[in-house]
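This briefing sets out the main features of a single protein chain. Please consult the sequence and the model while reading the points that follow.

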Amino acid sequence: MLPIMARLKRMGTTKTFSVSVSSATQRRLKAAAKRAYGGNVSALIEAIAVEADRQAALGRLLRDAPPVDDAAYAAFLKEMTGPKRKRSKAA
């Protein structure tokens, strides 16, 4: 199995900074890093920052998007559900 670490290597200079968390949060962060990033808490924090950016972008999209009228919403739902299939009757 290819280590995840190879894909997450950061390019350029990095900064070291201090973060104060409770002991319980520290254990949770270390456990999450161990599960997903080979124990690399820095990689976990990088992933958290990327997710925060994604959530902020989604928030801007939802806040700034024009409202959807009922007809457009109904068309969207129809497209997502697809055509109704007819069941064959068992003999």
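How many residues does helix H4 have, and what distance separates its first C-alpha from its last? Helix H4, residues 70-81, has twelve residues and reaches 16 Å from its first C-alpha to its last. That span is close to the 16 Å expected at 1.5 Å a residue. The model is predicted, and the remaining points are grouped by topic below.

**Overall architecture**

- The chain contains four helices and zero strands.
- Read from the N terminus on, the order of elements is α-α-α-α.
- The chain has 91 residues, and buried residues make up 7% of them.

- Helix H4 is hardly covered, since the count of buried residues among its twelve residues is zero.

**Packing of H2 and H3**

- Helix H2 spans residues 23-37 and helix H3 spans residues 41-64.
- The two helices pack at an angle of about 90 degrees, and their axes are 8 Å apart.
- Because angles of 65 to 115 degrees count as roughly perpendicular, H2 is roughly perpendicular to H3.
- On the H2 side, the contact is made by Leu29, Lys30, Ala32, Ala33 and Tyr37.
- On the H3 side, Val41, Ala43, Leu44, Ala47 and Ile48 make the contact.
- The residues of this contact divide into nine nonpolar, no polar and one charged.

**Ile45 of H3**

- Ile45 is found in helix H3.
- Ile45 has a relative accessibility of 36% and therefore counts as partly exposed, because that class lies between the limits of 20% and 50%.
- Ile45 and Leu29 are 16 residues apart in sequence, and their C-alpha atoms are 8.8 Å apart in space.

**Salt bridges**

- The count of salt bridges comes to two.
- One of them joins the side chains of Glu51 and Arg54, with an N to O distance of 3.8 Å.
- Glu51 and Arg54 both lie in helix H3, where they are three residues apart, about one turn of the helix.
- An α-helix has 3.6 residues a turn, so residues three or four places apart point the same way.
- Arg54, at 58% relative accessibility, counts as exposed, because the exposed class begins over 50%.
- A salt bridge also links the side chains of Arg63 and Asp64, at 3.2 Å from N to O.
- Both Arg63 and Asp64 are exposed.

Methods
Residues numbered from 1 in each chain as written. Predicted model: local features only at pLDDT ≥ 70, side-chain atom pairs only at ≥ 80, totals over all residues. Heavy atoms only, no water. Axes fitted to C-alpha atoms, helices over the stretch in contact; angles between N-to-C directions. Parallel < 35°, antiparallel > 145°, perpendicular 65-115°, else oblique. Contact = heavy atoms within 4.5 Å. Nonpolar A, V, L, I, M, F, W, Y, C, P; charged D, E, K, R; others polar. Salt bridge = Lys/Arg side-chain N within 4 Å of Asp/Glu carboxyl O. Buried < 20%, exposed > 50% of the residue type's maximum accessible area, 1.4 Å probe, protein only. Expected span 1.5 Å × (residues − 1).
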